[in-house]
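Colleague: I would like to learn how to read a model of two chains. Please take me through the features one at a time.

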Amino acid sequence: MKLEDFRKEFPQLEQKVYGKPLVYLDNAASSLRPRSVIEKWREMSEIKNANIYRANHFTAVQATSEVESARETVRAFLNAAEPGEIIFTSGDTAALNLLASSFGESFIKEGDEVLLSEAEHHSVIVPWQMLCQRKGAVIRVLPVDDRGELVLDKLPELLGERTKIVCVTHVSNVLGIFNPIEEIIRQAHSRGIPVAIDGAQGIVHSEVDVQALDCDFYAFSGHKIYAAPGTGVLYGKRRWLEKMVPWQGGGEMISSVKWSGTTYADIPFRFEAGTPNFAGIPTLVPAVGTALEVRKESRFQEDRIVEYVSSAFREDRRIRMFGAADGNGRKIPLFSFTVEGAHHEDLSILLDKMGIAVRSGQLCAEPLMDRYGVTGMLRASFGAYNTLQEAEYFIKGLQRAVKMLEQ
Amino acid sequence: MNLQEAKAEVIETFSMFDDWLDKYEYIIELGKNLPEFPEELKTEDRLIKGCQSRVWLDARREDGKIIFSADSDALITKGIISLLIGVYSGRTPSEVAGDDFAFIERLGLRENLSPTRANGLASMIQTIKKLSSNE
């Protein structure tokens with residue numbers, strides 16, 4: 001599909017803000033939704049609304065089959081071995097909490113270690129901190145260098161006898177570069193240590209084949225890849241999931257409940273207690289379809305935007321960009337930066353008044369802000385529907401905002 | 001100028017801007033012109049919580065009046081606090097504590113700033129009120 005036609009699928013791009021066309025550059029926080037997703041979402045609420053799995057009536061069976069077809073779509077999208085390895089959650093954060101809680105409860109004891117990278121989002125750091133606090137376990141940290149790349153040389157010494165799991169992001173939501181997860185997985189597996197990948201950003205910008213990667217877990221949010229908010233996925237290898245205790249108890253996750261004790265249902269259901277988001281989950285089908293439709297064209301466009309924005313940044317000595325565009329890992333069109341003499345909050349307010357939606361602050365990665373010695377950053381993150389013209393308008397807008405703030 | 005007149009004047013000034021950027025350009029100017037705030041007053045207890053940027057607010061009493069001074073590392077925040085100080089500094093504490101601060105809504109700032117920012121503004125107002133109602 002041509003990108004111009006693709007753009008037309010997103011009604012929000014027709015909106016004006018403050019009388020100006022909306023230039024939406026906050027895609028790393030959430031993508032916009034195409035008509036196909038909005039339509040499926042409405043259909044589920046309008047005519048297919050029923051609680052799933054539990055009932056035999058017509059609509060319940062219909063809704064159940066919509067959700068199960070989404071599970072198969074996601075399985076194929078990730079090339080997982082079977083649908084049972086796809087757990088639906090309310091988002092990436094819930095997926096990562098499930099992982100830390102269930103894996104941790106089953107496999108982590110006092111004195112054990114969990115290896116994270118310095119570039120993790122709070123939704124990776126905090127669940128593991130909570131688990132480690134409960135268990136008396138320890139978090140170890142793989143550092144990033146000044147250019148935003150993981151210091152792989154440190155990996156062998158950090159993978160110890162007590163390391164029980166490695167959890168790293170595919171692409172940091174601040175740095176925007178692909179981490180060498182293949183190499184991390186290879187080294188961890190050679191020591192028998194499983195690896196979990198936070199795919200919140202990675203899934204949007206690359207093909208993910210969990211069997212080829214051989215990762216043990218892969219988590220992502222639906223709303224960053226066009227699906228309804230309140231949907232998320234945790235992929236896990238059957239052999240791990242089967243040995244993990246559930247993290248929440250409730251309906252439909254059991255096989256039998258007696259006062260003397262409960263036996264749990266098979267995977268994935270034992271990790272899906274309570275009523276799932278049955279209106280949202282089916283939108284993963286058109287969402288995945290949308291992602292696949294433009295993958296080739298958008299990749300080309302992404303590279304052009306990366307080249308344009310990073311060269312514009314290089315020309316301005318006041319701008320410091322985090323996450324190099326010319327390193328070992330491919331850069332996605334996500335640019336976190338600071339401008340000397342201009343506060344990130346001021347810049348985001350002024351850009352907003354020009355119709356440009358960006359994000360400012362700590363970007364849910366405070367340890368990374370500390371690592372680079374800044375109180376916050378400004379972040380512009382592009383999606384497949386953003387154009388090179390919008391990138392140019394963003395650079396012009398930024399220059400104007402910086403000028404307005406000059407002392 | 002009494003409190004009501006001071007508020008009316010700010011509302012009138014803001015009504016003159018029909019472009020959003022002009023409005024913010026004006027706020028930035030206010031921020032730039034805010035009198036210098038002594039470094040030694042930038043203490044933890046003067047820091048207002050709930051803002052994305054750092055804001056310090058100091059209040060002292062002089063002849064029964066309350067005098068505010070402030071600073072921020074972000075210019076727009078500095079402009080907004082300068083606007084508040086311009087209206088409320090030099091009034092009696094009871095006058096400030098008894099005010100409803102509703103004129104802020106009429107400037108169109110609050111609803112057009114993100115929730116965290118709106119909270120920042122709310123925290124600024126809350127702090128000004130609290131400092132005025134002590135004793």
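Colleague: Which residues of H13(A) meet residues in H2(B)?

Modeller: Two residues are in contact if their C-beta atoms, placed from the backbone, lie within 7 Å. In this predicted model, Ile349(A), Leu350(A) and Lys353(A) of H13(A) meet Trp20(B), Leu21(B) and Tyr24(B) of H2(B). By class, five of the residues in this helix contact are nonpolar, none is polar and one is charged. Here Ala, Val, Leu, Ile, Met, Phe, Trp, Tyr, Cys and Pro count as nonpolar, Asp, Glu, Lys and Arg as charged, and the others, Gly among them, as polar.

Colleague: What do the numbers and letters in those names follow, and which parts of a predicted model are used?

Modeller: Residues are numbered from 1 along each chain as its sequence is written, while chains are lettered from A and ligands numbered from 1 in the order in which they are written. As the model is predicted, local features need pLDDT of at least 70 and side-chain atom pairs count only at pLDDT 80 or more, whereas totals for chains, interfaces and linings use all residues.

Colleague: At what angle do H13(A) and H2(B) cross?

Modeller: Helices (H or I, at least four residues) and strands (E, at least two) are DSSP runs, numbered from the N terminus. Axes are lines fitted to C-alpha atoms, for helices over the stretch in contact, and angles run from 0 to 180 degrees between N-to-C directions. The axes of H13(A) and H2(B), residues 20–32 of chain B, cross at roughly 155° and come within 9 Å. H13(A) is therefore roughly antiparallel to H2(B) (over 145 degrees; under 35 is roughly parallel, 65 to 115 roughly perpendicular, the rest oblique).

Colleague: How many residues does each chain bring to the whole contact?

Modeller: Chain A gives twelve residues and chain B gives 13 residues. On chain A, helix H13 (344–353), strand E16 (359–361) and helix H15 (388–405) each supply at least two residues of the side that touches chain B. H13(A) has the largest share of that side, five residues.

Colleague: Now a single residue. Is Val195(A) buried or exposed?

Modeller: A residue is buried if 20 or more other C-beta atoms lie within 10 Å of its own, exposed if 12 or fewer, and partly exposed in between. Val195(A) has 22 such atoms, so it is buried. Val195(A) belongs to strand E8, residues 195–198 of chain A. Leaving out residues up to four places away in sequence, Val195(A) touches Val166(A), Ile184(A), Ile185(A), Ala188(A), Cys215(A) and Asp216(A).

Colleague: How much of each chain is buried?

Modeller: In chain A, buried residues make up 50% of the 407 residues. In chain B, 32% of the 135 residues count as buried. Chain A has 15 helices and 17 strands, and chain B has six helices and two strands.

Colleague: What should I look for in the backbone?

Modeller: Look at the peptide bonds and the phi angles. The bond between Ile267(A) and Pro268(A) is cis, with omega about 0°. Pro268(A) sits in the loop between strand E12 (261–264) and helix H11 (284–293) of chain A. Asp214(A) is not a glycine, yet its phi is positive, about 65°. With 13 other C-beta atoms within 10 Å, Asp214(A) is partly exposed. Cys364(A), also not a glycine, has a positive phi of about 55° and lies in the loop between E16 and helix H14 (366–372) of chain A.
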